[in-house]
Amino acid sequence: MTKIENIKLICFDLDGTLVDSVPDLRLALNAMMDEFALPHCQDEQIKTWVGNGLPKLVERALLYVGNQQVEQQTALSCFEKHYQHFLNSASGLYPKVAETLRALKNKGYQTALVTNKAEQFLPDLLSHFNISDCFDLVIGGDTLARNKPDPMQVDFALAHFNVAKTEAVMVGDSKNDILAGQNAGLLSIALTYGYNYGEPVSLLNPDHIIDQFNELLVLL
């Protein structure tokens, strides 16, 4: 594995990269479905819907169950209520995530969380997993005007730390992450264990592909 040199800033995705969030999403989605007397969704389906933020997740779920009557915004408000209730109920960090994040911080890297998940859910989630202090900057899906795969969040992080594009890297599991990095001119590292809409991450042509999170310690 060829080591990446001269990196100062690491931008991390959240869902499918640090956290297996599908179990909590399923609980919230199915509680929402129950309120509208709609069929339940399963983990394997939900994995293919994650990545574009919660409004898109709800839209995809409603389309999947053939909803004809529930208005999108009504459903989203219902889902967000249940997601807040079920947050951190069944989801968990992927193996070696916390230890690796702390090791990277100890090596002196600046770190930014760049996620499409709504900002309101991030403090509780990060606190629950005791990784809040692993990030110098947290950017949610609704923090800025645009989110991944648009480069705006990554560009904001670069400006915040006054870091050049050649001194930063984007780490994620899906096309939104890799494209956001590529659109911002960064090197990209793709993880194979995440969601990516059920497609192999190799199709995205990332600069590096790793199978386990702690391989970052070898790569960086």
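In strand β7, serine 188 is the bridge partner of methionine 170. Strands and helices here are DSSP runs, numbered from the N terminus: a helix is H or I over at least four residues, and a strand is E over at least two. Four bridges join β6 to β7, and these two strands run parallel. Two strands count as paired if DSSP finds at least two bridges between them. Four of the five residues of β7 (residues 187-191) are buried, so this strand is largely enclosed by the rest of the structure. Buried means under 20% relative accessible area, exposed means over 50%, and partly exposed lies in between, with a 1.4 Å probe and protein chains only.

The model is predicted: local features need pLDDT of at least 70, side-chain atom pairs count only at pLDDT 80 or more, and totals for chains, interfaces and linings use all residues. Residues are numbered from 1 along each chain as its sequence is written, and side-chain values use heavy atoms, with hydrogens and water left out.

Strands β6 and β7 belong to an open sheet of six strands in the order β5-β4-β1-β6-β7-β8, with parallel pairing. At its edges stand β5 (137-139) and β8 (208-210), each with a single partner strand, so one side of each has no neighbour in the sheet. On average, neighbouring strands of the sheet are turned by 20 degrees against each other, direction ignored. Strands of a sheet pair through backbone hydrogen bonds, either parallel or antiparallel.

Strand β1 (residues 9-12) pairs in the parallel sense with β4 (residues 110-114) over four bridges. Leucine 9 stands opposite glutamine 110 in β4, and isoleucine 10 has threonine 111 as its bridge partner there. With β6, too, β1 pairs in the parallel sense over four bridges, and cysteine 11 stands opposite methionine 170 in that strand. In a regular strand the side chains alternate between the two faces of the sheet. Both faces of β1 are covered: Leu9 and Cys11 on one side, and Ile10 and Phe12 on the other, are all buried.

In helix α8 (residues 175-184), the buried residues are Asn176, Asp177, Ile178, Ala180, Gly181 and Ala184. They pack against α7, β6 and β7, where contact means heavy atoms within 4.5 Å. Just after α8, glycine 185 takes a positive phi of about 85 degrees.

Next comes the nonpolar core. A nonpolar core is a set of buried Ala, Val, Leu, Ile, Met, Phe, Trp, Tyr and Cys residues joined through side-chain atoms within 4.5 Å. The largest one has 57 residues, of which Phe12, Met32 and Phe79 touch the most other members. Helix α1 (residues 22-35) gives the largest share, six residues. Domain 1 (9-20 + 92-219) and domain 2 (22-86) both give residues to this core, so it lies between them; the domain bounds come from an automatic or database domain assignment. Leaving aside neighbours within four places in sequence, phenylalanine 12 is in contact with several residues, including Leu18, Leu101, Val114, Phe135 and Phe213. A second, separate core of 17 residues includes Val154, Ala157, Val163 and Leu186.

Two polar residues complete the picture. Serine 91 is in the loop between α4 (72-86) and β3 (92-93), and it is buried, with a relative accessible area of 11%. Its side chain makes a polar contact with the side chain of aspartate 24 at 3.1 Å. A polar contact is a pair of N or O atoms within 3.5 Å; within protein, one must be able to donate a hydrogen and the other to accept it, and residues adjacent in sequence count only if both atoms are side-chain atoms. A polar atom of the serine 91 side chain also lies 3.2 Å from the backbone oxygen of serine 21.

Arginine 102, in helix α5 (residues 97-106), is partly exposed, with a relative accessible area of 29%. Its side chain makes a polar contact with that of aspartate 133 (3.1 Å). Not counting residues up to four places away in sequence, arginine 102 touches Asn130, Ile131, Asp133 and Cys134. The C-alpha atoms of arginine 102 and isoleucine 131 are separated by 8.4 Å, with the two residues 29 apart along the chain.

Conventions:
Axes are lines fitted to C-alpha atoms, for helices over the stretch in contact, and angles run from 0 to 180 degrees between N-to-C directions.
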